Amino acid sequence: MDYAKSDFNASRTAAFFVMMSGEMDANEKEITKKLRKHLKGITASTLEAIARRLDVLPYGRVLLTTDIGIGLAASNLRGAVEMLKAAPEVSRLIDASEMRVWGEIGKRLSATSAETAIHFFQSSAGTLEKI
């Protein structure tokens, strides 16, 4: 076995993961910045936790999810937070067009009952898994 070659490959692999880690941190910071701008009144720790959860999604889904959440926050801030918390799991179960419909249903529920909208978002992933 060529140890020099093995060490070189290990170094490249480590460098790749450091680079990817930096990229993920940059994405997470961008998500946090966008959420902080539009979701006034949410604690920094909550925003960072949501950003970490959203960072696992493909970038297009992150944009879609934050767009839905920001729209919902205008009428129901807590509902928006619950939607953003549930989004990564729900996103795994439905496609992008259905995500937009899911968000719109929550927004409409929020117009009549904030608590109903919150419960809708909190129970969505479990319900969708059963379908």
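Phe121 counts as buried, at 0% relative accessibility, where buried means under 20% relative accessible area, found with a 1.4 Å probe on protein chains only. This is a predicted model, in which local features need pLDDT of at least 70 and side-chain atom pairs count only at pLDDT 80 or more, while totals for chains, interfaces and linings use all residues. Residues are numbered from 1 along each chain as its sequence is written, and side-chain values use heavy atoms, with hydrogens and water left out.

Phe121 forms an aromatic pair with Trp102 that is edge-to-face, with 5.0 Å from centre to centre and 80 degrees between the planes. Rings of Phe, Tyr and Trp (its six-membered ring) pair if their centres lie within 6.5 Å, and planes under 30 degrees apart count as stacked, over 60 as edge-to-face and the rest as tilted. Because Trp102 lies in helix H5 and Phe121 in helix H6, the pair ties together parts that are 19 residues apart in sequence; helices here are DSSP runs (H or I, at least four residues), numbered from the N terminus. Trp102 is buried as well, at 5% relative accessibility, and ring pairs link Trp102, Phe120 and Phe121 into a cluster.

Further along helix H5, which spans residues 96–112, we come to Ser110. Ser110 is also buried, with a relative accessible area of 8%, and a polar contact of 3.1 Å joins its side chain to that of Asn76. A polar contact is a pair of N or O atoms within 3.5 Å; within protein, one must be able to donate a hydrogen and the other to accept it, and residues adjacent in sequence count only if both atoms are side-chain atoms.

Methods:
Helices (H or I, at least four residues) and strands (E, at least two) are DSSP runs, numbered from the N terminus. Buried means under 20% relative accessible area, exposed over 50%, partly exposed in between (1.4 Å probe, protein chains only).
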